[in-house]
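Please walk through this structure with attention to its strands, its aromatic side chains and its surface.

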Amino acid sequence: MYINCKTNSFLNHVKGKIYGTFCNQSVRISLHFKTKFCNQLTSIQCTLMITKIPTILILLIVCHLPHQQLFSQYISHDNYTGFWEDSLTWDPPGSSPHDFLSGYDITINGIITAVGSLGFYNLASNLIVNDTLVVKGNLFLHNNNDLIINDQGILIIRGNLWIDEHSHITANGCLIVTGNIYVDNFRHYGSFTSNDDPPAAFFGGSVYPHEIRDDEPDYSVLNCSSPITNPYPNSGCTSGNMLDLENDPVYPFFLTTCNIHNETVNISVCPGDSIHLAANGGADYYWNGPAGFTSELQNPSLAGADSTMAGTYTVIKSEDYDCEATDTTLVIVNLRTVVSLTSSDDTLCMNEQRALTGSPAGGIFRVEKGPGQLEGSILTPSGSGKIYLEYSIEDECSNTAMQTIISYPQPHPFAGPDQELNYLFETKLEATLDIGETGTWSLISGTGEIEDIHSPESAITGLSPGESIFLWTVNNGLCESGSQVTITVLDPVVPTVFTPNGDGINDAFYISKGGVPFDITVFNQWGIIVYESPSFIFHWDGSDQKGNLLPPETYFYEMKFENGLIKKGTVLIVR
């Protein structure tokens, strides 16, 4: 549902409009395929043209732009709030329409704001407002370019409205023009009408020429001499003025389209610094403040701050009708605070972190330059070299404290490749050591005796099945780093029972650690060899050397590895 600014429930609708409750009614307007050149624009009275030369020049320049021969249209997204200049506003999305158009129909279905002036010239077109359009400048309608504000539409022009001879305006919705209305009505070919009583049309300036207010039948909305509808109490005309607007339900929404707002700012400066005041929005400014300060600049500055300049500064910002706001800036001139920065040492290794101390507490540490990063007061080097540090107190006037810390490179130790041993319990380490470095071995987990803890290629004995981890720590005189190596002794997993009964499940005696070469011999309980294999890959099916099935009982095995080690155990046959 679109907003209807002529109902008592308008404020509730406006609230809904602001929060995204829009309308989805569409209106069909026939295209006008007419063309007319700009030489008919000169029928505006000469006195009017002299007083409005800058605006007339804009029109004349626009009228000499190249003509567009292809008719097209832009339709804004329904239920959408955005800007005219944004391509996402339009359906389908793509390029946005220019500020001055020829031969393009525009349909407004959402709440759309144009940040500057809009102009429709030469080839016939329609500007159709089904929802809300706010123009932050002037609107120009050249010959055969029409404006249709449908019953639920709102058009707010925060500038002037220029209407050419053959332009037709149908203001069935709300029309607000904060500036003047200029009508080229020499031949009476255009119109300005509404189906409402009274029309929801409000003008902040004057209407030129004045005679068009004198009962022009095709310009009934502008009638002041004999309004054909109920006149507004303040204007006495068919259309209202800004005092009449203040009594209309659309007024609160109109105020929201002013793009300048009150702001409160605090500025904290130190003695001798410059005070930079700033105002956002508006076109005209008037500042006042302590010690008789005044200025009409938007962003004035005061040099050499001292205690007499502390206090409240205000600026009145104004633009067009009911666009005025006051900013308040509180300037504080602080006392100076002496700060200091300390560290436990002026050297740092790459793998270390350093906690910094600043006085007084509550300040901010910064790396002014150099290979360092800070997280709060914790310094972490990102490379080797000098790190230049700063410490300062925010919101205070302080001397910046500085300190330099030198970051030294870390050694890059290599403890050698990880090793896997086939049931072997001693080996040789394969670490590296650069010139000028010293290294030390240590046992992290597991077992092992290190023959020479300072030799990168030390022998290791006394290993156990499983993993043993050794650490190789290297020192370059300032910094040290470590590297680990894992030595794994593979211990074959031997089952303790198998069931050679032909059911396909656990029918063979099998040792899964095939990576460990060995010979195996199986004995019965009287020490007689019943099976032997020279290969570490075997499957014993519970038969003796002649293929006879052995009785279910416990058997003894002996595994001889190629490194001379022997592993003994028992296995039970269950049938």
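In what order do the six strands of the open sheet lie, and is their pairing parallel or antiparallel? In this predicted model, the order is β2-β6-β9-β12-β15-β18, and the pairing is parallel. The edges are formed by β2 (81–83) and β18 (200–203), each of which pairs on one side only, and the twist from one strand to the next averages 10 degrees. Strand β15, residues 174–177, is joined to β18 by four bridges, and leucine 175 stands opposite alanine 201 of β18.

In one of them, the ring centres of tyrosine 74 and tyrosine 104 lie 5.5 Å apart with their planes at 35 degrees, so the pair is tilted. This pair links distant parts of the chain, since tyrosine 74 belongs to strand β1 (residues 72–76) and tyrosine 104, 30 residues away, to strand β5 (residues 104–108); both tyrosine 74 and tyrosine 104 are buried.

The rings of phenylalanine 192 and phenylalanine 203, with centres 6.3 Å apart, have planes at 65 degrees, and the pair is therefore edge-to-face. Phenylalanine 192 lies in strand β17 (residues 191–193), whereas phenylalanine 203, eleven residues apart from it, lies in β18. Phenylalanine 192 has a relative accessible area of 0% and is buried, and phenylalanine 203, at 3%, also counts as buried.

Elsewhere, Phe498, Phe509, Tyr531, Trp540, Tyr555 and Tyr557 form one aromatic cluster.

Technical notes
Residues are numbered from 1 along each chain as its sequence is written. This is a predicted model: local features need pLDDT of at least 70, side-chain atom pairs count only at pLDDT 80 or more; totals for chains, interfaces and linings use all residues. Side-chain values use heavy atoms; hydrogens and water are left out. Two strands pair if DSSP finds at least two bridges between them. Helices (H or I, at least four residues) and strands (E, at least two) are DSSP runs, numbered from the N terminus. Axes are lines fitted to C-alpha atoms, for helices over the stretch in contact, and angles run from 0 to 180 degrees between N-to-C directions. Rings of Phe, Tyr and Trp (its six-membered ring) pair if their centres lie within 6.5 Å; planes under 30 degrees apart count as stacked, over 60 as edge-to-face and the rest as tilted. Buried means under 20% relative accessible area, exposed over 50%, partly exposed in between (1.4 Å probe, protein chains only).
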